[in-house]
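Here is my notebook from an afternoon of looking things up in one chain. Keep the picture open beside you and find each spot as I get there.

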Amino acid sequence: MKQIMILLAAMLLTACSKDSEVKAQTMTQKMYITIDGQTQAVTLVDNQATKTLVEKLQQTPVTVTLNSSGGFEIWGSLGFSLPTNNEQINAQPGDVILYNGSNICIFYGTNSWSYTRLGKIDSLSESQLRTFLKAGESNISVTLSLSNTTGISSVHSNAESGVYYSLNGQRVENPNKGIFIRNGKKVIL
């Protein structure tokens, strides 16, 4: 009985130490993936590849074209290389992986290969991942960034119809000669 208790204690310690190793490898830095105006957060792991990627993304977001492959991932060239730390990985849905140092793979299924782990998309189910990643499609435009903003997609005016505005956007009651904006169009008087 004493041996069984010691064995159980050893197993518990081993399990706890593996959990803490995984947590220690996670960065607080987030990366954001935007596809067709939808943005999802990625929790990055702490390795040289992600540190180099973050340095690159601090300069400017990176847009890549990815394609579905094998029924489990979208992948394509980053256009630059990152340091590798390849290990045999059983990639799961949501994993963001570096392949051959210059290709990014984002998984909506599973695969086992020698990869460098970059991170994991936060809080999407496998079904939601397939939709977000456009599983099965080609030429998917994907933007990687450090910001959760995706830009202005449209502008709506609440200007009154028939009213004149100056070029600085100020309302003009009695326009004289000059260039004005009326109903969203340039007008010369």
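Predicted model: local features only at pLDDT ≥ 70, side-chain atom pairs only at ≥ 80, totals over all residues.

**Entry 1: the whole chain.** I began with the surface: the chain exposes about 12000 Å², and carbon and sulfur atoms supply 50% of that area. Accessible areas here come from the Shrake-Rupley method with a 1.4 Å probe, and for residues only the protein chains shown count as cover.

Residues are numbered from 1 along each chain as its sequence is written, and side-chain values use heavy atoms, with hydrogens and water left out.

Next I looked up the secondary structure, and it comes to three helices and 13 strands. Both are DSSP runs numbered from the N terminus: helices are H or I with at least four residues, strands are E with at least two. Of the 189 residues, 33% count as buried. Buried means under 20% relative accessible area, exposed means over 50%, and partly exposed is in between (1.4 Å probe, protein chains only).

I also checked contacts, meaning heavy atoms within 4.5 Å. Among contacts in the chain with a separation of 6 or more, 54% are between residues 24 or more positions apart.

**Entry 2: helix α2.** I picked α2, which covers residues 48–59.

Which residues of α2 are buried? I found Ala-49, Thr-50, Leu-53, Val-54 and Leu-57. They cover an arc of only 130° around the axis, so they lie on the same side of α2. The arc is that of the directions from the helix axis to the C-beta atoms. The face turned away from the buried side of α2 carries the exposed residues Gln-58 and Gln-59.

At the N-terminal end of α2 I found a cap: a side-chain oxygen of Asn-47 lies 3.1 Å from the backbone nitrogen of Ala-49.

**Entry 3: Thr-116.** I followed strand β8 (residues 111–121) to Thr-116. Is Thr-116 buried or exposed? It counts as buried, because its relative accessibility is 1%. A polar atom of its side chain lies 2.8 Å from the backbone nitrogen of Asn-85. Leaving aside neighbours within four places in sequence, Thr-116 is in contact with residues including Asn-47, Ala-49, Asn-85 and Ile-97.

**Entry 4: salt bridges.** How many salt bridges does the whole structure have? The search finds six. A salt bridge is a side-chain nitrogen of Lys or Arg within 4 Å of a carboxyl oxygen of Asp or Glu.

Asp-36 forms one with Lys-134, with the closest N and O atoms 2.8 Å apart. Asp-36 lies in the loop between β1 and β2 and Lys-134 in the loop between α3 and β9, so the pair ties together parts that are 98 residues apart in sequence. Asp-36 is exposed, at 61% relative accessibility.

Asp-95 and Arg-117 meet in another (3.2 Å, N to O). This pair links distant parts of the chain, with Asp-95 in strand β6 and Arg-117 in strand β8, 22 residues apart. Asp-95 is buried at 4% relative accessibility, whereas Arg-117 is partly exposed at 27%.

Glu-173 bridges to Arg-171, the closest N and O atoms being 3.4 Å apart. Glu-173 is exposed, at 61%, and Arg-171 is partly exposed, at 43%. Salt bridges that share partners also join Asp-95, Arg-117 and Lys-120 into one network.

Key: Polar contact = N/O pair within 3.5 Å; in protein donor to acceptor, adjacent residues only side chain to side chain. Expected span 1.5 Å × (residues − 1).
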